[in-house]
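My entries follow in the order I looked things up.

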Amino acid sequence: VKNNLKNDKLLNISLDFLFGAEMALNKFSKFGIDVKMDVFDNSLSKKRIDEIIKNNNIDDYDFVVGPLTNDLFDYFVSSVTLSDTKIIRTLGKKSITSKNVINTIPHDSIYFNTVIEKVKNDTLKSSKFIISDSKKINISEKLKKIFPESQQFYSQINDSGIDTKTLIFEDLDSTFVDGRNIVFLETNDQGFVSNVTSILNSFISEEKEIILYTTNKNKAFEGTNISNTFLSNLKFQYASTNKVIDKNIDQDFINEFIALYKFYPNKYSIRAYDVVYDLLLRYSNGNIDDPENHENQTEYLENKFKYYSTSTGSLDNISVYFLKHENLDIKQINN
């Protein structure tokens with residue numbers, strides 16, 4: 001068991017998620033409403049999921065959270081098509097469509113449109129630039145159509161036709177003008193983010209302001225190779241599923257979690273708490289499919305929710321934060 005806990009990342013994520021869900025139930029039960037939660041181990045096995053469905057009446061549940069992995073989630077949804085019970089996708093992005101599904105993570109188009117709207121509403125004069133690697137050319141072209149006056153730059157392709165995921169200083173030399181320069185960086189490669197942010201940072205001066213955006217914030221913009229100082233200098237801005245928990249406001253939750261589980265709550269525990277607590281409140285206030293119910297925007301520790309009923313019948317979360325790196329901190333900007 002100790003070896004599994006030490007080395008199995010998915011097991012740890014599952015347990016962290018379970019702890020957050022338990023916290024949500026504990027808080028909700030204080031309203032005097034009884035909640036019964038059953039927990040199933042799918043053992044990462046479709047056969048095991050078949051057994052769970054066979055031995056349990058899914059219609060007895062108000063909603064089912066998970067499975068956490070996308071492939072098993074989709075398999076579970078396709079296996080219970082005759083049930084009206086809602087199935088909650090909590091960590092992955094939408095892949096299949098079904099009237100049963102509630103997608104708690106917004107579609108990529110929500111992030112894209114939020115960033116575009118923010119830039120369009122910026123009335124200060126600025127020059128615009130788009131930097132992307134070969135895998136994001138379609139996004140670069142899409143941005144070019146929206147901002148036709150912008151200049152495009154791409155990562156270098158070597159003589160063998162391989163994308164090196166790099167730019168060199170000379171690629172951008174004499175590019176930026178005095179005043180405000182807005183740069184979109186579109187990539188999923190951490191090395192390219194590190195390379196580009198370093199180069200952009202070197203061009204910042206009293207005369208030149210460079211503001212960095214991305215329409216798809218992902219893990220490439222995180223990690224040990226990424227300088228938070230550079231991101232802060234570039235006033236890096238993006239739309240995000242979640243913000244960072246406010247220790248000043250939410251210290252009671254943090255203290256209670258540590259008292260119960262002996263460690264600081266991580267993003268999986270906090271997300272589970274936010275998702276499950278929100279759903280319990282929505283279900284206790286009527287039909288989850290009632291527009292007056294699912295269209296209400298709610299906000300908790302790190303996540304907020306506002307649902308939209310799609311043409312396929314699924315409920316998709318459309319609420320995101322807009323965040324900005326500033327003075328080595330990440331601040332929430334109203335959007």
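I began with aspartate 122 and arginine 180, whose side chains form a salt bridge with an N to O distance of 2.9 Å. Aspartate 122 sits in the loop between helix H5 (108-120) and strand S4 (127-132), and arginine 180 is in strand S6, so this pair ties together parts 58 residues apart in sequence. I note here that the model is predicted.

I then looked up how accessible the two partners are. Aspartate 122 has 21% relative accessibility and so counts as partly exposed. Arginine 180 has 16% and counts as buried. The cut-off matters for this pair, because buried means under 20% relative accessible area.

Next I asked myself with which glutamate arginine 180 forms a salt bridge. The partner is glutamate 209, and the closest N and O atoms are 3.7 Å apart. Arginine 180 is in strand S6 and glutamate 209 in strand S7 (residues 208-213), so the bridge ties together parts that are 29 residues apart in sequence. Glutamate 209, at 25% relative accessibility, counts as partly exposed.

**A salt bridge elsewhere**

I also looked up glutamate 326 and lysine 331, whose side chains meet in a salt bridge at 3.0 Å, N to O. Are these two buried or partly exposed? Glutamate 326 has a relative accessible area of 24% and is partly exposed. Lysine 331 is partly exposed as well, at 34% relative accessibility.

**Asparagine 181**

I returned to strand S6, which spans residues 179-186 and holds asparagine 181. Asparagine 181 is buried, its relative accessible area being 0%. I left aside neighbours within four places in sequence and listed its contacts: Ser127, Phe129, Phe176, Lys208, Glu209, Ile210 and Ile211.

**Nonpolar cores**

Which residues of the largest nonpolar core touch the most other members? I found Ile102, Phe253 and Tyr273, in a core of 27 residues. Helix H2 (9-29), helix H10 (251-261) and helix H11 (267-284) each supply at least two residues of this core. H11 gives the most, with seven residues.

I then took phenylalanine 253 by itself. Beyond its neighbours within four places in sequence, phenylalanine 253 is in contact with Met23, Ile245, Pro265, Ile270, Tyr273 and Leu301. Apart from this core I found another, of 25 residues, which includes Val183, Val196, Phe236 and Tyr321.

**Helices H3 and H4**

My last entry concerns a helix pair. Helix H3 (residues 46-55) and helix H4 (residues 70-79) pack at an angle of about 35 degrees, and their axes are 10 Å apart. The crossing of H3 past H4 is right-handed. On the H3 side the contact is made by Lys46, Ile49, Asp50 and Ile53, and on the H4 side by Leu72, Tyr75, Phe76 and Ser79. I sorted the residues of this contact by type and got five nonpolar, one polar and two charged.

Definitions and conventions
Residues numbered from 1 in each chain as written. Predicted model: local features only at pLDDT ≥ 70, side-chain atom pairs only at ≥ 80, totals over all residues. Heavy atoms only, no water. Helix = DSSP H or I, 4+ residues; strand = E, 2+ residues; numbered from the N terminus. Buried < 20%, exposed > 50% of the residue type's maximum accessible area, 1.4 Å probe, protein only. Contact = heavy atoms within 4.5 Å. Core = buried A, V, L, I, M, F, W, Y, C linked by side-chain atoms within 4.5 Å. Salt bridge = Lys/Arg side-chain N within 4 Å of Asp/Glu carboxyl O. Axes fitted to C-alpha atoms, helices over the stretch in contact; angles between N-to-C directions. Left-handed = near helix turned anticlockwise from the far one by under 90°. Nonpolar A, V, L, I, M, F, W, Y, C, P; charged D, E, K, R; others polar.
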